[in-house]
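Student: I am new to this structure and would like a close look at a single part of it. Could you please take me through its aromatic ring pairs and the interior around them?

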Amino acid sequence: MIALIIAIAITVIAATLIIKRYQPHTVLLLSGLTLFAATALFFPEQSVIFRKTDPTGWTGFDIFEHIHGIMSYRLAGLGLIIMAAGGFAKYMDHIGATNAMVDISIKPLSRIHAPYLVLAIGYAVGQVLNIFIPSAAGLAMLLLVTLYPTLVRLGVSKAAAAAMIGTTSVLDLGPASGTANLAANTANIDVAIFFTQYQIPLAVFIIPTICVLTYFSAKYFDSRDGHVVVASHSAPVGTMDPEPVTQSAPGFYALLPILPLTMILIFSKLFIAHIEISVVTAMIMGALLGLFCEMIRLRHDLREVFKGFMVFFKGMGTMFSGIISLIICAEFFAGGLKAIGAIDFMIVTAESAGFGLVGMMFVACILVAVTAILTGSGNAAFFSFANLAPQLTASSSAGAVSLLLPLQFTAGIARSLSPVSGVIIAVSEVAGCSPIDIVKRTAIPLGGALIVLFTYNVLFLSAS
């Protein structure tokens, strides 16, 4: 009971600090350190939980050795995957390949003269683009300078267009997504399998749901606000200029961001099983192909082309400082909760209360959703709870993926329900309205998405 009180107190303090906009990395790291220290001081018999098979010789040092172990393990595996994907995405932005892909993808939408239908389809297009552009804020910026003007010219209100763009990355689909890689890694399955066999079947139900609800909710809110649908050929006020690139990229550059995912899926257990390409290998090959294309296109200035490739490595560094370090700190915090016995207590309590796996799924998803809404970060919410999934599902035949999948999707969906998330703030500034106004518009489509998500996973768990 004392251990539980300590765990609850530290967790509440950590949550309060994160809500107050304290740096989540530092909060989680210090919270984990406090939990481990409390375990070593008051419950020394449990200290073996966080000691390695080859301890340092003193429990105090073993705690810090545990951080070393997490860093070594994560950086060599999942961390390198996420960093390579981040570096590739940044380099594709730098050479204009991402812009080329977005331009080609949304061009057909401008030919449809049904504003709210284009709005609904625009979500689906954006969600597909998210597979190749894993950054929610980055994708939103691109769509704000490309799709947003098209929607407003067709007659959709600025708020409706901005709200839709704010939802385009809620599912974090694909092998380039940091949360998808962490989920697959935690469930001990290949990320291509996680994407094709778990994410896509669920996304097939969620994406149409969001499309339909976006169509009707946008019409309702626009009508309520007195918006009149009038097509215009002038650029809307509030659009943003795209990030400058040296030259406009050729059309075929649109294929470059697609290449790594294509290779990952083809050379995997899904198709050509005797050849397997990892995410890191595919991202390196894709980035180098982009470099070779730039060397040919800008052969008159190879010095700048060579210098520009540093964007790939800088992108990797950015992913470490932002996402990988957060994963390490969150895992250390989760390890502290395990060491002090809080997780075992939760499992026993849930089982004795008759919750079962379905009940634990609802509780865990609610915790993730609340965390994401309050902090504005889907990553912080998911990373904080993901590593608990294997232990929570240990007695179930469904496996850890049965909990990781709804947790991952819940974190992404809840992020776009938060008025303090970066993507919502960005789209609200362009539309000239408050983040609360945008969240009101995203609530109906994303609420429907959560209902479909929970229904699907209850059926999936029941079948298992």
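Tutor: What follows is an account of the aromatic rings, and then of the nonpolar core and some other parts. Please keep in mind that the model is predicted.

The structure holds twelve aromatic pairs. One of them joins Phe-309 and Phe-313: the ring centres are 5.7 Å apart and the planes stand at 85 degrees, so the pair is edge-to-face, the cut-off for that class being over 60 degrees. Phe-309 is buried, with a relative accessible area of 12%, whereas Phe-313 is partly exposed at 43%. Ring pairs also link these two residues with Tyr-91 and Phe-312 into a cluster.

Another pair is formed by Phe-382 and Phe-383. Here the centres lie 6.3 Å apart and the planes make an angle of 55 degrees, so this pair is tilted. Phe-382 counts as buried because its relative accessibility is 0%, and buried means under 20%. Phe-383 is buried as well, with a relative accessible area of 1%.

The surroundings of Ile-206 can be given in detail: leaving aside residues up to four places away in sequence, Ile-206 touches Leu-171, Phe-409, Ala-449, Val-452 and Leu-453.

Burial can also be followed along a whole helix. In α8, which spans residues 158-165, seven of the eight residues are buried, so this helix is largely enclosed by the rest of the structure. The buried residues of α8 are Ala-159, Ala-160, Ala-161, Ala-162, Ala-163, Met-164 and Ile-165.

Ile-19, Phe-362, Ile-366, Val-370 and Leu-374 make a nonpolar surface patch of about 400 Å². Four residues of this patch, its largest share, come from helix α16, residues 356-375. Val-370 has its place in α16 and is partly exposed, with a relative accessible area of 42%. As a general point, an α-helix has 3.6 residues a turn, so residues three or four places apart point the same way.

Finally, there is a loop to consider. Gly-77 lies between α3 (59-76) and α4 (78-95), and Gly-77 is partly exposed, with a relative accessible area of 26%. Although Gly-77 and Asn-185 are 108 residues apart along the chain, their C-alpha atoms are separated by 8.7 Å.

Terms used: Residues numbered from 1 in each chain as written. Predicted model: local features only at pLDDT ≥ 70, side-chain atom pairs only at ≥ 80, totals over all residues. Heavy atoms only, no water. Patch = residues over 30% accessible without salt bridge, like charges linked within 9 Å, V, L, I, M, F, W, Y side chains within 5 Å. Areas by Shrake-Rupley, 256 points an atom, 1.4 Å probe, with all protein chains shown as cover. Salt bridge = Lys/Arg side-chain N within 4 Å of Asp/Glu carboxyl O. Helix = DSSP H or I, 4+ residues; strand = E, 2+ residues; numbered from the N terminus. Buried < 20%, exposed > 50% of the residue type's maximum accessible area, 1.4 Å probe, protein only. Contact = heavy atoms within 4.5 Å. Phe/Tyr/Trp six-rings, centres within 6.5 Å; stacked < 30°, edge-to-face > 60°.
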